[in-house]
Amino acid sequence: MEQLFVTPDGQLRQRWQQAFGDAQSVQQVAEAAARSLPGQQVLWLDGSGQDRVSCMARVREAVATGSRVVLMSPVPTEAEAFEALNQGAVGYCHVEAAPEQLREIALVVEHGGLWMLPELVQRLMGLSLRVVPTPAPERPELDSLTSRELMVAEQVAHGASNLEIAAALEISERTVKAHLSSIFEKLGVRDRVQLALAMNNIPTYTSVN
């Protein structure tokens with residue numbers, strides 16, 4: 001899948017090139033849409049230098065092309081993250097995100113998942129638990145997880161990043177990713193946001209049948 005960056009100056013930052021050797025950049029969403037078939041690209045929108053209204057208008061324009069859209073913000077905020085997701089974006093991160101994180105985001109969104117900053121996932125958990133009463137734990141599907149997978153899932157439920165999980169469980173980040181892939185498949189969730197919600201007994205909805 002193509003990785004196209006829509007930036008104010010049409011230039012690629014070095015870390016974007018490090019993340020994706022074949023990444024390309026354009027200045028306008030329309031230019032990106034003309035480069036490939038709908039659904040065959042991830043559009044990374046650089047929100048630098050844009051006000052909220054203009055930024056969200058660009059998100060809507062990008063989503064309308066049928067592409068998977070990730071908004072990159074110079075100053076990430078909870079409000080902007082949720083507004084971008086409400087407009088149809090499937091990812092939200094810092095514009096200076098590390099190459100490894102960018103590749104992780106791409107992997108998640110290319111497989112139909114949703115990605116946002118771990119600290120925002122944690123805040124979402126707090127908000128959801130205040131709004132949605134947590135019933136008594138009745139999750140027999142967790143029996144399919146190994147003890148280590150359950151430990152990883154519980155860490156995700158508290159908003160921990162892969163690096164934090166690796167440190168807490170004294171395993172490598174690669175092992176964390178392997179556990180997450182297995183957990184997603186066993187529990188029928190698409191990403192760590194849905195996993196966190198499921199672990200907290202909060203209903204999730206998916207378009208995947």
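Predicted model: local features only at pLDDT ≥ 70, side-chain atom pairs only at ≥ 80, totals over all residues.

Residues are numbered from 1 along each chain as its sequence is written, and side-chain values use heavy atoms, with hydrogens and water left out.

**Stop 1: the rings.** Select Phe-5, Trp-16, Phe-20 and Trp-44, which ring pairs link into a cluster. Rings of Phe, Tyr and Trp (its six-membered ring) pair if their centres lie within 6.5 Å; planes under 30 degrees apart count as stacked, over 60 as edge-to-face and the rest as tilted. The whole structure has four such aromatic pairs. Look at Phe-5 with Phe-20: the centres sit 6.2 Å apart with planes at 40°, so this pair is tilted. Phe-5 belongs to strand 1 (residues 2-6), and Phe-20 to the loop between helix 1 (14-19) and strand 2 (24-26). Helices (H or I, at least four residues) and strands (E, at least two) are DSSP runs, numbered from the N terminus.

Phe-5 is buried, at 0% relative accessible area. Buried means under 20%, exposed over 50% and partly exposed in between (1.4 Å probe, protein chains only). Now turn to Phe-5 and Trp-44, a stacked pair with 5.5 Å centre to centre and 15° between the planes. Trp-44 sits in strand 3 (residues 41-46), so the pair ties together parts that are 39 residues apart in sequence.

**Stop 2: the core.** Which residues have the most contacts inside the largest nonpolar core? Pick out Phe-20, Trp-44, Leu-45, Leu-71, Cys-93 and Leu-102, in a core of 41 residues. Helix 5 (residues 99-110) gives the largest share of this core, five residues. A nonpolar core here is a set of buried Ala, Val, Leu, Ile, Met, Phe, Trp, Tyr and Cys residues joined through side-chain atoms within 4.5 Å. Zoom in on Cys-93, buried at 0% relative accessibility. Beyond its neighbours within four places in sequence, Cys-93 is in contact (heavy atoms within 4.5 Å) with residues including Trp-44, Leu-71, Leu-102 and Trp-115. Another core lies apart from this one, with 20 residues, among them Leu-142, Val-156, Val-176 and Val-189.

**Stop 3: helix 5.** Colour the buried residues of helix 5: Pro-99, Leu-102, Glu-104, Ile-105, Ala-106, Val-108 and Val-109. Just past the helix, Gly-112 takes a positive phi of about 85°.

**Stop 4: charged pairs.** There are seven salt bridges in the structure, each a side-chain nitrogen of Lys or Arg within 4 Å of a carboxyl oxygen of Asp or Glu. Show Asp-46 and Arg-13, whose closest N and O atoms are 3.7 Å apart. Asp-46 is buried at 4%, whereas Arg-13 is partly exposed at 28%. Next, Lys-177 and Glu-100 meet at 2.4 Å, N to O. Lys-177 is in helix 9 (residues 173-187) and Glu-100 in helix 5, so this bridge ties together parts 77 residues apart in sequence.

**Last stop: Asn-162.** Find Asn-162 in helix 8 (residues 162-169); Asn-162 is buried, at 5% relative accessibility. Setting aside neighbours within four places in sequence, Asn-162 is in contact with Glu-104, Glu-173, Val-176, Lys-177, Leu-180 and Arg-192.
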